[in-house]
Amino acid sequence: MSNITTDAEAINTSDPLVWVGFACAILSAFGSCAALMIVRLSTEKEAHLPFCQRRLFFIGAWCNLACEAGLTTVALALSPLSLLSPVSGLTIVFGAVFAWVGLFGNKREKATLIELAALSVTVTGVGISASFGPSGQGIPDLYETSFRLISWQHIIYATVGWSIAIGWLSVVTFDKRLGRFRPRPDHPITAPLAGTTSGWMASYSLSMLKILMTALRRAFTGDLTPARYPVVWISVVLLIPVASGQIYSLNSVMGAGGTNYVLPWYTVMVIVLSATAG
């Protein structure tokens with residue numbers, strides 16, 4: 001019987017570089033959350049301007065993208081996703097603190113006992129997950145991942161998710177034809193729909209970025225086999241459009257209510273959908 005060579009290679013969490021990646025993920029969560037607060041400020045100060053003229057929005061969006069492309073890329077290259085996934089929960093913590101202090105001139109939001117208790121649970125959960133959660137996840141098997149893309153489970157999952165995401169983006173974008181179907185920014189359904197759309201695109205852009213980092217990591221060791229895998233080239237083609245859609249949808253997310261309401265929606269959907277996509 002011939003041996004089947006896979007991409008699985010155990011990553012030892014005692015390796016200092018793994019924890020460097022973990023630290024980069026925390027810094028990325030902090031920087032991305034600060035950038036989202038600039039986007040939120042744009043929804044308050046620049047709502048009357050055409051989208052292309054919203055300077056604060058693009059400053060925040062590009063700062064968020066810089067954190068993801070820089071710090072998150074390093075984190076994904078050095079650490080397993082099982083270690084990094086809980087860090088996303090810190091975005092809720094940072095967002096709450098920024099909202100309480102009124103970062104960048106945003107309206108201050110009062111801290112409640114329920115919020116403080118929830119944040120305590122979040123921080124505790126992140127700590128426990130980081131300490132006991134990782135299971136020695138190795139480098140993803142890109143050959144197997146290519147076949148998973150055409151499995152019936154993924155086709156159903158992707159069809160439902162992308163239908164919701166594209167539908168919401170269409171309602172937000174095309175005012176003349178679909179504007180009558182768009183709920184008010186402060187409507188209770190707006191944050192869940194916008195958060196799901198942005199989180200959906202974030203989950204796919206994160207997965208694509210992880211795939212590309214894995215392929216590059218193998219290329220640096222002289223292994224060019226991933227260049228033959230369809231999933232690598234699909235990620236190359238779609239990463240920028242999907243990431244751009246995520247940034248665009250952030251505008252409707254951050255304008256759908258208070259920070260401590262909309263940011264948890266966005267963060268939870270990123271975590272849940274990233275885990276499901278994986």
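**Close-ups of aromatic pairs and nonpolar cores**

Phe57 is buried, at a relative accessible area of 1% (buried means under 20%, exposed over 50%, partly exposed in between, with a 1.4 Å probe and protein chains only). This is a predicted model, so local features need pLDDT of at least 70 and side-chain atom pairs count only at pLDDT 80 or more, while totals for chains, interfaces and linings use all residues. Residues are numbered from 1 along each chain as its sequence is written, and side-chain values use heavy atoms, with hydrogens and water left out.

**View A. Phe30 meets Phe98.** The structure has eight aromatic pairs (rings of Phe, Tyr and Trp, the last by its six-membered ring, pair if their centres lie within 6.5 Å; planes under 30 degrees apart are stacked, over 60 edge-to-face, the rest tilted). In this one, the ring centres of Phe30 and Phe98 sit 5.4 Å apart with planes at 75°, so it counts as edge-to-face. The pair links distant parts of the chain, 68 residues apart: Phe30 is in helix 1 (residues 16-45) and Phe98 in helix 4 (residues 90-101). Helices here are DSSP runs of H or I, at least four residues long, numbered from the N terminus. Phe98 is buried at 9% relative accessible area, whereas Phe30 is partly exposed at 41%.

**View B. Phe57 and its neighbour Phe58.** Here the ring centres are 5.3 Å apart and the planes stand at 85°, so Phe57 and Phe58 are edge-to-face too. Phe58 is partly exposed, with a relative accessible area of 28%.

**View C. The largest nonpolar core.** This core has 34 residues, and those with the most contacts inside it include Phe94, Phe98, Met201 and Tyr204 (a core is a set of buried Ala, Val, Leu, Ile, Met, Phe, Trp, Tyr and Cys residues joined through side-chain atoms within 4.5 Å). Helix 9 gives the largest share, nine residues. Leaving out residues up to four places away in sequence, Phe98 touches Phe30, Cys33, Ala34, Met37 and Leu103 (contact means heavy atoms within 4.5 Å).

**View E. An aromatic cluster.** Tyr157, Trp162, Trp200 and Tyr204 come together as one aromatic cluster. Tyr204 also turns up among the residues with the most contacts inside the largest core.

**View F. Ile234 in helix 10.** Ile234 belongs to helix 10 (residues 230-254). Its relative accessibility is 38%, so Ile234 counts as partly exposed.

Definitions and conventions:
Helices (H or I, at least four residues) and strands (E, at least two) are DSSP runs, numbered from the N terminus.
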